Amino acid sequence: MDPLHLRSAGTSLVISFDSGEAEVIHWGADLGSELPDLSILTPAITNSAIDVTVPVGLLPQASSSWRGRPALRGHRIADGASGLDFSVRLRAVHAELAGSCAAVVQQDADAGITVQSSLTLHDGGLLELQHTVTNTGTSPFQLDELATVLPVAPDAVELLDLTGRWCRERHPQRRPIQQGTWVRSGRHGRTGHDSSLLFAAGTAGFGNRHGQVWATHLAWSGNHEQFADTIGDGRTMIGGSELLGPAEVILEPGAGYTTPKLFAAYSGRGLDGISEAFYSWFRSRPHHVLPAAGGGKPTGKPRPVVLNTWEAVYFDHNLDTLIELADSAADLGVERFVLDDGWFRGRRDDTAGLGDWFVDETLWPDGLTPLIDAVTSRGMEFGLWVEPEMINLNSDVARAHPDWIVGPAAVSHKDGGRLPLAWRNQHIIDLVNPEAWQYIFDRIDALLRENNISYLKWDQNRDLTEHGHAGRSSVHAQTLAAYRLFDELRKAHPGVEIESCSSGGARVDLGILERTDRIWASDCNDALERQTIQRWTGVVVPPELVGGHVGPTTSHTTARTHDLSFRAITALFGHFGMEWDVREVQGAEREELKRFIALYKEHRGLIHSGRVVRADVPDDSLMLHGVVASSAQLARAAAGTTAALFALVSTRTSFAEQPGRVALPGLDGARRYRVEAIFPVAGDADYGHTFTQIQPPAWLGSGAEASGRFLSEVGLPMPNLNPEHGLVLQVTAL
């Protein structure tokens, strides 16, 4: 078979079949349209080694003498035996290339296993890879793992992944790539607060704007593993797989299993290049929610300013109070009002009611209609919080259907069956059970049919740590059932947007993002914590899909206090909203908040369609990030159009007396620009808290004009920001 060569946006993927199996010869920088005879890449054979060249298989396997993690693990079940020895020798039997898509079929007829691989290299350079294994044998096959992996170049010597916890999601950690396997296992039954949104291997010291990077993301919302595997000959594979429980997937003859999609990107320009590949894919989707990238025809409405009621009223649902809150929100310019937890039967705190998705008649004798009408009559959309996958023992549905509660096996707590430990006083409803699934679908469907609801905040507030159905592990089936619930509700109510919230940021992956319109990055609204959380969420997920809210002056999760300007600047570069009793915001602070909301509305088209850039600032107490209009956007724009917005943020005191010059990356070197600080400015409520300096840099008062090359290579001297303060810079094309 001839090699397959996929090319797009500076990336090449080359698959050779010279060894008999599909072998990834190259994934990385673009190789041009012509390839040499690939036999020139045949390496030496060393002493005390297998007598043939060991390929870097698309599906690494022991039968080719691969000594790292095999892609496929499992065994046959026959004649009552628990397992039979099993090893596959997959060989390519078919390959085809159609534009940017490739399909490869590999087979071992003797073992009764066929694997079909699909590969798509999207226009922006993002690679999408998925395998399907089919049992073509005559006995059941227990699948233990089918991994999706790619090789990285020898230049990759460092590995970056992300970890975290509740209210501190997606923080980076680095380590050198060494022989052996670095594995990140997620056994939460959901993606997990500590899950790594990506695995990135790169050249020494790679950063935001420099170095070569190879990165992968597993699009799956259940148990999973991500790993980097380096064998003794120096070759490294990165990838991931669904983490299956014992006997969770048994393939009967003729049956198949499809892996979660692995998304992968290569960049020769640091992590910003990885983000560009992911953003291009997100923004090219037909169902994407905002103005098209490049300044084209909008594919959806602008992202509305949100007010969520949780940190304003918690469980204290009172119609008069909520209408007062809606009045205050509308006065500020809010466009979407979301009623959070506490509206349904028996829900006075977090110990009861989950599963009883009926409007509480004692709280709402006339239903939600009076509040919905009050909200919509003030020009706002109405949104509602739900948690359809969870159940409280203290609920009507749990009392009526104890067998719907997930346990180690099918259990009934009424009959003394053991349940998993409670988490936030709640358990999981078994969506694998068709009756339970249908009940949940019917209840949420009815809520949406009977009420003028434009938006669901869909929460999921616990791990699925001990999860079974009919005596077998069932996280796999539960995840697919949850996906189907999202899909069917979206099909029935195509105008309703859905936010994925999972104790904040515990379900952030491209599997759930194919079914939702944004994610809640974290339950923490502390602006300092959010700077890191949002930066690393944004390495994969574009800002229009990441909820960022201004919380109260003192954070309810950290007790840290911040000025409004710092909280607002942090929320600006996302899908902006508030989670705050805004009735309390008065005087100069209220005027400042109004001005900022107007600023968001003015610039959200740019923030949600432009190119996100992040500077490599030597002083790690400073962060500078921003969004830059594309050349196509500027070419169609009128003179004086905003070409970029940047945020300069100080996270702590600096080692230096002054920050010195900071470059503004991503600008067109041939254009001239004007740079000015636009928030906060003199007269704002907390402007005086922002700086400690006798005299600001010369340009700060009246602005600066220079070429894009000068601004990106030399930069501008920045003011002395106080710790935990920020400044928004507007860049106008001249």
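Predicted model: local features only at pLDDT ≥ 70, side-chain atom pairs only at ≥ 80, totals over all residues.

Student: Why is helix α10 called roughly parallel to helix α11?

Tutor: Helix α10 (residues 564-572) and helix α11 (residues 587-607) pack at an angle of about 20°. Angles under 35 degrees count as roughly parallel, so α10 is described as roughly parallel to α11. Their axes lie 10 Å apart, and the crossing of α10 past α11 is right-handed.

Student: Which residues make the contact of α10 with α11?

Tutor: From α10 they are Leu564, Ser565, Arg567, Ala568, Ile569 and Leu572, and from α11 they are Glu589, Glu592, Leu593, Phe596, Tyr600 and Ile607. By type, this contact has 8 nonpolar, 1 polar and 3 charged residues.

Student: What makes α10 "mostly covered"?

Tutor: The burial count does: 9 of its 9 residues are buried. Phe566, Thr570 and Ala571 are among them.

Student: How do you know that alanine 643 is buried?

Tutor: Buried means under 20% relative accessible area. Alanine 643 has 1%, so it is buried. This residue sits in strand β35 (residues 642-650). Beyond its neighbours within four places in sequence, alanine 643 is in contact with residues including Leu606, Val627, Tyr673 and Val731.

Student: And why are alanine 9 and serine 48 called exposed?

Tutor: The cut-off for exposed is over 50%. Alanine 9 has 53% relative accessibility, so it counts as exposed. Serine 48 has 84%, so it counts as exposed too. Alanine 9 is in the loop between β1 (4-8) and β2 (11-16), while serine 48 is in the loop between β3 (23-29) and β4 (72-76).

Student: What makes their backbone angles worth a remark?

Tutor: Most residues other than glycine have a negative phi. Alanine 9 is not a glycine, yet its phi is positive, about 50°. Serine 48 is likewise not a glycine and has a positive phi of about 50°.

Student: Where is there a cis peptide bond?

Tutor: The bond from phenylalanine 679 to proline 680 is cis, with omega near -10°. Most peptide bonds are trans. Proline 680 lies in the loop between β37 (672-679) and β38 (704-707).

Conventions. Residues numbered from 1 in each chain as written. Heavy atoms only, no water. Axes fitted to C-alpha atoms, helices over the stretch in contact; angles between N-to-C directions. Helix = DSSP H or I, 4+ residues; strand = E, 2+ residues; numbered from the N terminus. Parallel < 35°, antiparallel > 145°, perpendicular 65-115°, else oblique. Left-handed = near helix turned anticlockwise from the far one by under 90°. Contact = heavy atoms within 4.5 Å. Nonpolar A, V, L, I, M, F, W, Y, C, P; charged D, E, K, R; others polar. Buried < 20%, exposed > 50% of the residue type's maximum accessible area, 1.4 Å probe, protein only.
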